[in-house]
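Subject: Structure handover

Hello,

The structure is below, followed by my notes on what I found in it. Please read them with the coordinates open.

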Amino acid sequence: MDLSVIGINHHTAPVEVRERFALAGEPGEQFLRAVHRESVFDEALVLDTCNRTEVYFVSRSDRDALEYILSHVARLKDAAPPTDTSVFYHHDGPAAARHLFRVAGALDSQIVGEHEVLGQVRAAYRQAVQARTAGFLMNKLLHAALRTGKRVRSETDLGRGSASVAQAAVDLAGQVFTDLADKTVLLIGAGQTAETAARRLIAPGVGRMIVANRTLERAERLAEALAAGQGDDIDEDQARCPAMPADPRDQADAPAPARQAIRARAIDLGGIGEAIVEADLVICSTGSPEPVLTMQSLAGPIRRRSGLLLIVDIAVPRDVEAELGDLPNVFLYNMNDLDRVVARNIERRREEIPRAEAIVDHEVEQFVTWYDSRQAAATIALLQRRFDMLRQAQITRYGGKFADGARDQLDPFTKGLCSKMLHGPIVFLKALAAEASTGDQLAAVDTIRRMFDLDELEEDDA
Amino acid sequence: MDTLLALAKWVLPLVYLALAIDYGATFILRVRTHARNPGVVVAIVLHAAVLIARGVRLGGAPVDTVAEVLSLVAVSSAVVYWAIESFTRDRRAGVFVFLLVFLCQYTASLLLAAGRGPGHAGPGWLHIVPACLAYTAMGFAALYAGLYLLGQRNLKQHRVGLLFDRLPALERLGAMCWGALLVGLVFMTVSIVTGAMMYSRGTAGGGIEAKVTAKIIIGSIAWLTCAAGVLGRRLAKWSLVRVAVVAVIGFVVVVAYLVTSIVMS
């Protein structure tokens, strides 16, 4: 198989090294255009995510692919090519296909089962199609990879369960409340962590939010931003890789929520007693060294409530006195509890790895079988068998109409006729195998196989 | 007709068992948790056809014997569950429902095979059918109440084991429990009123005082349970935990009394 992959990922190099070879966006498109223009590879695809940069290519050339890729990337980045190439991996043939299938199935991700990689593979395929570097083999490979990813996601629990604290809090809310749209969230603290959790809640459609903070002005700013659906300042990591969240485990969950406008208002910490009567879900994340929610101040207001109350305390040290969790209809979860939920989910994902690997094995086997069946030699043999079967059938049907002497000549006559008829196609197929690109050969063989129903013949043999 | 009815006696429990297995797969494997199950409609239609055929065979509504009542409870449970699933699009509690439905119908089939029924009730169906629906609703209320209490305990104690994220949301379970109690209250009220009217006209099969007394006691307990749960939540702002406990206790008492009455009859 003329398929190969060269890449670098989080297993082989830290981010400071990986980012020097990133081919995200425009550099990736330039790379593919150069490949197409210079006919370096017959087919090529660039997969660039926050955790990996990989080039999949089809080539019969003896050219040093790694040297070409690195020198081209160096030109794009206006830097010298690296001297240490040990951080790159190189797979050929079925191993390259297996690698891609594992990537698409999120088995090679930093957090196994993460949700974003399948979309990233799809985007890479689209980019290659637009750059006209995706040919017959790459099309087949990517369809198989996307199918593998979907199968892993639907047939296993590899991607199930939250793998980040923020998402675990949202999932907990889903365990308690049917629909968050008519619920009120009380957010205590206006820091980054609280805001991340708040934004995760916006995606499922929380209806109302009350933001409480020691500094009213900061609470008002956050409330206005949440109400207007505006973004906040993003940190350096996110500027470099927009898809990468502050906590890599967040990538393992649903994609970052679309920003929606909600009803939000601000209060200071003194108003918490009244707000908690109204709230259904409380998220605490202040930097206070002492508990902010205490039995003394809140037992009375909480007892006046009739509905369920979920309090998620993601502050360290804790913001909520543990005794509040003993009150009826109150569920209190802190960082330890959420970490246990996340650890359990990650463990359950790991338990699904063998099933996911079995799916990958099956898809690789299918792909290799397909590839081998599209080789010229196999197709020539089947073509000869098909013609021989037709020949025999005609002899059986019409042989009786010939006189004895003529009947004896039917076999050598028909053999010779078939041989002459097949001579052209066989020479054509052999020439393809010797001279044409892999993609052209596969495409032509595929056409001939469909024309003469050779797949059916092969299945009958099996 | 008799052959078909004899066959249906065993086909029906098998159909419900198949549904229970299907919903069991949903619960354990967490697949198709929010998709409707067309098999429920098939089971309901099949069961309704059998009941109609039995009624035609008997010349009246087949709702007089314990076997027939259990069969009616089974199909009405399936109907109520189908309505709930259509509304909530949540299949995760289905395994518990259809295990009970299977047990009801299997028991009914065993009793029919033992020669205890069928019989028909004449105008008694006006009392018996609402009563069946009321007890079915009570059964649902107790089931959802049990799941609510289980889920509530797990969440309170931070248990993230087998049931975590497999059950419907707590709020939904509580609402379903209360809704089922409301349905039970309505139907039990109708049943009590029609029963009282029949008794006063002497059409309840007079002379069977012990049986009527037992029914009055059971019906009263059921009605009080439903009323307490519905009104307690609405008027006295009872917590869902309290409503759930009342639903479970009331159902257990009713079943215990019913079983005792059957055994001693």
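Two strands pair if DSSP finds at least two bridges between them. Strands (E, at least two residues) and helices (H or I, at least four) are DSSP runs, numbered from the N terminus.

This is a predicted model: local features need pLDDT of at least 70, side-chain atom pairs count only at pLDDT 80 or more, and totals for chains, interfaces and linings use all residues. Residues are numbered from 1 along each chain as its sequence is written, while chains are lettered from A and ligands numbered from 1 in the order in which they are written.

**Sheet.** In β4(A), D92(A) is the bridge partner of S4(A). Four bridges link β1 (residues 3-9) of chain A to β4(A), and the two run antiparallel. The open sheet has four strands, ordered β2-β3-β1-β4 (chain A), with antiparallel pairing. β2 (43-48) and β4 (89-92) of chain A are at the edges with a single partner strand each, so one side of each has no neighbour in the sheet.

**Confidence.** Chain A has a mean pLDDT (the predictor's confidence in each residue, from 0 to 100) of 84, and 92% of its residues reach 70 or more.

**Interface.** Contact means C-beta atoms, placed from the backbone, within 7 Å. On that basis, 16 residues of chain A are in contact with twelve residues of chain B. α7 (165-176), β10 (330-334) and α13 (335-351) of chain A each supply at least two residues of that side of chain A.

Best wishes

Note on methods. Contact = placed C-beta atoms within 7 Å.
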